[in-house]
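Thanks, everyone. I have one structure to go through today, so please bring it up on your screens.

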Amino acid sequence: MNYEFLDYVACFITGMVILILELTSFRLFAPYFGNSSYVIGVLINTTLLALAIGYLIGGYTADKFKSNKLPYLIILGVDVYLAIIFLFYPNILKAMSTLSVILGAFLSVTIMFFIPVVFLAFIPPYLIKILSINKRIGIVSGKIFSISTLGSIVGGVLTTFVFIPSLGSRFTFLIPIIILLIIAVIGLIRLNKLFLLCTFLLIIPLISKPKLTNSQIIFQTESGYNTIYVVNDSKSLFLKLNNNEGFHSKSIDPKTGLTNSLYDYFLIPQILINANQTLVLGNGAGTMMSQISYFFDTHIDGVEIDPKLTEIGKDYFGLDLTNDKLGIFYEDARTFLIKNNKKYDIINIDIYSGSAYVPFHVVTVEFFKLVNESLNEGGVLVINMPHYSIGTPLGHHYLNTVTKVFPNSYIYGHILYAFKSNIDKSTIIKKFEDTKTSNALDGVIKKFLSGFKNVDLQSFNDIFLDDFAPIEKMTFDIKKE
């Protein structure tokens, strides 16, 4: 056997596995800690620390102890560790999720991946010493780190575009375990054959589909963007994403057309104006689209970055795209607006990733200017903002940002209504009094009229801009309270 070639293959594999584990950790952690920059920062920096320690230990050990078998024994040990973690990682994450986001994510990644990454990073510098005997160390070290980096690139590309979208995070986590086991067995083929055969038995308990952890979850899957759940609470179906906080679609009562939730209050502008064109940014499984089309004859464009959510909308939430007045665009909300030349009467925004965190580029003044440009005169912007209480710094900044672009704004509960043109409260009340609606909508209107109020801009300084929008820090501060 050409062990020099195998050593280079081992470097490629270890680099590949490190990237697979790092990228998979983002998806494994999302249902428990969300996917904010805090969580991503913890995962990346903990991985970098593990790499630094591994490189140092590998180089130091190579000067003290030389063995062609040691790298493969270490790979086998890492494989056993990861196999054990694979069996228990949901329990680890669930236990740590009771802590703060940063501490919980840090302890979880330390327990699950810190030791494996340290010892995988041990391999390249150790093999440099082994392979550079009677050779130029510069050439060998260049090859080793080049091959290891290529392995990381391959691991990153496959995980991002193939493994997670096609197999999900659980089976993506299983792939490194299988690969490491194979390379370890090949490298240790001279050892006891029975011992090596027994290590293959590690895989048997791992290859199984995970059971749903909550009896209310009737379906769960993963896409390139989200961990997705459909939950049945015996009365309604809910679409939940990632950390299972809040909901992103809800089944509609076929008798009334209502959801008895926030979605009902997105109907208010439809009642107020005769909308010909409506846009939904953050379409989810299509509740808003389906409900509006139930009551009103308007063309509705939905923008949703995750195509999988539309499939779930069709399967579970009654989304019917055979209606030629409904259209879906699979794109980021802001890039859609940048390219959009169409004008809308109403734009609805409901963009969350399964938690309170919202991408910063859809909460800034620059974003809302794009929204304003996409509205007809007399148009209305409606925003779901459940985590943005008026009394918090986050709510204060967010409302100031919107009202800087849309000075004429009102709020009911956690729904913000921003008008492109001036319209006072008495005019809104008068329009509802003069409008005939179905009995189902009468109750929604009555509640709205009893509780909606003006939003006044308090400070031109306290706003979100593309240049500075610390929305994640503010959200994190709220979640700590």
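I will start with a single contact. Glu 331 and Lys 339 form a salt bridge, and their closest N and O atoms are 2.4 Å apart. Keep in mind that this is a predicted model. On which side of the burial cut-off does each partner fall? Glu 331 has a relative accessible area of 18%, and since buried means under 20%, Glu 331 counts as buried. Lys 339, with a relative accessible area of 56%, is exposed.

Arg 334 pairs with Asp 466, with 2.6 Å between the closest N and O atoms. Arg 334 is buried at 13% relative accessibility, and Asp 466 is partly exposed at 30%.

Next is Lys 420 with Glu 377, a salt bridge with an N to O distance of 3.8 Å. Here too distant parts of the chain are linked: Lys 420 is in the loop between β11 (415-419) and α13 (425-433), Glu 377 is in strand β9 (residues 375-384), and the two are 43 residues apart. Lys 420 is partly exposed, at 22% relative accessible area. Glu 377 is exposed, at 64%.

Now the overall numbers. The protein has 481 residues, and 53% of them count as buried. There are 15 helices and 12 strands. Among contacts with a separation of 6 or more, 74% are between residues 24 or more positions apart. The accessible surface is about 21,600 Å², and carbon and sulfur atoms account for 60% of that.

On to the interior. In soluble globular proteins, nonpolar side chains tend to be buried together. In this model the largest nonpolar core has 66 residues, and Phe 29, Met 112, Phe 113 and Phe 173 have the most contacts inside it. Which elements give two or more residues to this core? They are α1 (3-33), α2 (37-64), α3 (70-96), α4 (101-131) and α5 (137-187). The largest share, 17 residues, comes from α4.

If you select Phe 29 and leave aside its neighbours within four places in sequence, its contacts include Val 39, Leu 43, Leu 93, Val 109, Met 112 and Phe 113. There is also a second, separate core of 38 residues, with Ala 333, Tyr 344, Ile 351 and Leu 394 among its members.

Some nonpolar side chains are on the outside. Leu 150, Ile 153, Val 157, Phe 161 and Val 162 make up a nonpolar surface patch with about 470 Å² of accessible area together. One of them, Ile 153, is in helix α5 and is partly exposed, with a relative accessible area of 48%.

Turning to helix α11, residues 365-373: the buried residues there are Val 365, Phe 367, Phe 368, Leu 370, Val 371 and Asn 372. They pack against β5 (277-281), α10, β8 (344-349), β9 and α12 (393-405).

Now strand β10, residues 408-412. How many of its residues are buried? The count is 5 of the 5, so the strand is largely enclosed by the rest of the structure. Asn 408, Tyr 410 and Tyr 412 point one way, Ser 409 and Ile 411 point the other way, and all are buried.

β10 runs antiparallel to β11, with 5 bridges between them, and Ile 411 stands opposite Leu 416 there. The β10-β11 hairpin has 2 residues between the strands, and Gly 413 takes a positive phi near 60 degrees in it. β10 is also joined to β12 by 3 bridges, again antiparallel. In β12, Lys 453 stands opposite Ile 411.

Last, the open sheet. It has 4 strands in the order β1-β2-β3-β4, with antiparallel pairing. β1 (217-222) and β4 (249-250) are at the edges and have a single partner strand each, so one side of each is left without a neighbour in the sheet. Strands β2 (residues 227-232) and β3 (residues 237-241) are joined by 5 bridges, and Val 230 has Leu 239 in β3 as its bridge partner.

That is what I had. Questions are welcome.

Technical notes. Residues are numbered from 1 along each chain as its sequence is written. This is a predicted model: local features need pLDDT of at least 70, side-chain atom pairs count only at pLDDT 80 or more; totals for chains, interfaces and linings use all residues. Side-chain values use heavy atoms; hydrogens and water are left out. A nonpolar core is a set of buried Ala, Val, Leu, Ile, Met, Phe, Trp, Tyr and Cys residues joined through side-chain atoms within 4.5 Å. Buried means under 20% relative accessible area, exposed over 50%, partly exposed in between (1.4 Å probe, protein chains only). Contact means heavy atoms within 4.5 Å. Two strands pair if DSSP finds at least two bridges between them. Accessible areas come from the Shrake-Rupley method with a 1.4 Å probe; for residues, only the protein chains shown count as cover. A salt bridge is a side-chain nitrogen of Lys or Arg within 4 Å of a carboxyl oxygen of Asp or Glu. Patches are made of residues with over 30% relative accessible area and no salt bridge: like charges are joined within 9 Å, nonpolar side chains (Val, Leu, Ile, Met, Phe, Trp, Tyr) within 5 Å.
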